[in-house]
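Dear colleague,

Please find below the sequence and structure that I am handing over to you. A short account of the findings comes after them.

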Amino acid sequence: MSGSVPDSTAPDGALWERFLTVTTAEQTHALAAALAGVLEPGDLLVLTGELGAGKTTFTQGLGEGLGVRAGIISPTFVLVRIHPNLPDGPRPGGPDLVHVDAYRLGSSAEIDDIDLENTMDSSVTVVEWGRDRVEHLADSRLDIQLHRSVGGAAGARGASQEPDAVLDFDTEDDDEPRTIVVRGYGPRWADAPAILGPAPREEEA
């Protein structure tokens, strides 16, 4: 894997950004499971993407990597689901996973009403549709966008740029390609996780 653009050009106050291409749901799941290995209690992930982009698949991969109870589904009709860490899982004593769907919440004030601060310090919190709603909850966050096709990422960084990080987990290439854009904000994410690859040399951007 490799990064996509020099960190100095990351937008919107992000410290860095990476663009990854996956071609199957299994690859989306595997990437998230690998990313979970660097997550700690208190981490906040903001997950966005159109319907069917793979947000729930990504969250299921996080859950597997964190070693929480299975059964992660979209929390559309239940705003918050807590998936406890399993003592006999891969990370015994690790953080729980709190899975939130903010689609029907119109403001940060409505987010505050569900009292996420009571679980954030001991959990990894993933908020679908959380952009512009949950940034006030933590000094640092990972912002993750999932796009259903390579072309769908063009608006995120300019139509002239193409994804250059393709994950290969030896799975069947029988699903629609997806581009996953990851941006880091705040002191917790001063450096990009190694699983996302390094930033490219400037002459490669």
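This is a predicted model: local features need pLDDT of at least 70, side-chain atom pairs count only at pLDDT 80 or more; totals for chains, interfaces and linings use all residues.

The protein contains 5 helices and 7 strands. Read from the N terminus, its elements follow the order β-α-β-α-β-β-α-α-β-β-α-β. Of its 205 residues, 47% count as buried.

Strand 1, which spans residues 16-22, is mostly covered, with 7 of its 7 residues buried. In a regular strand, side chains alternate between the two faces of the sheet. From strand 1, Trp-16, Arg-18, Leu-20 and Val-22 point one way, while Glu-17, Phe-19 and Thr-21 point the other way. The residues of both sets are all buried. As to its partner, strand 1 pairs with strand 7 (residues 178-185) in the antiparallel sense, over 7 bridges. Within strand 7, Thr-179 stands opposite Thr-21.

On the surface, there is a patch of negative charge in which Glu-110, Asp-112, Asp-113, Asp-115 and Glu-117 gather. Helix 3 (residues 108-113) supplies the largest share of this patch, namely 3 residues. Asp-115, another member of the patch, is located in the loop between helix 3 and helix 4 (117-120). Asp-115 counts as partly exposed because its relative accessibility is 37%, and the partly exposed class lies between under 20% for buried and over 50% for exposed.

With kind regards

How values were computed. Residues are numbered from 1 along each chain as its sequence is written. Side-chain values use heavy atoms; hydrogens and water are left out. Patches are made of residues with over 30% relative accessible area and no salt bridge: like charges are joined within 9 Å, nonpolar side chains (Val, Leu, Ile, Met, Phe, Trp, Tyr) within 5 Å. Accessible areas come from the Shrake-Rupley method with a 1.4 Å probe; for residues, only the protein chains shown count as cover. A salt bridge is a side-chain nitrogen of Lys or Arg within 4 Å of a carboxyl oxygen of Asp or Glu. Lys and Arg count as positive and Asp and Glu as negative; His and the chain ends are not counted. The place of a charge is taken as NZ of Lys, CZ of Arg, CG of Asp or CD of Glu. Helices (H or I, at least four residues) and strands (E, at least two) are DSSP runs, numbered from the N terminus. Buried means under 20% relative accessible area, exposed over 50%, partly exposed in between (1.4 Å probe, protein chains only). Two strands pair if DSSP finds at least two bridges between them.
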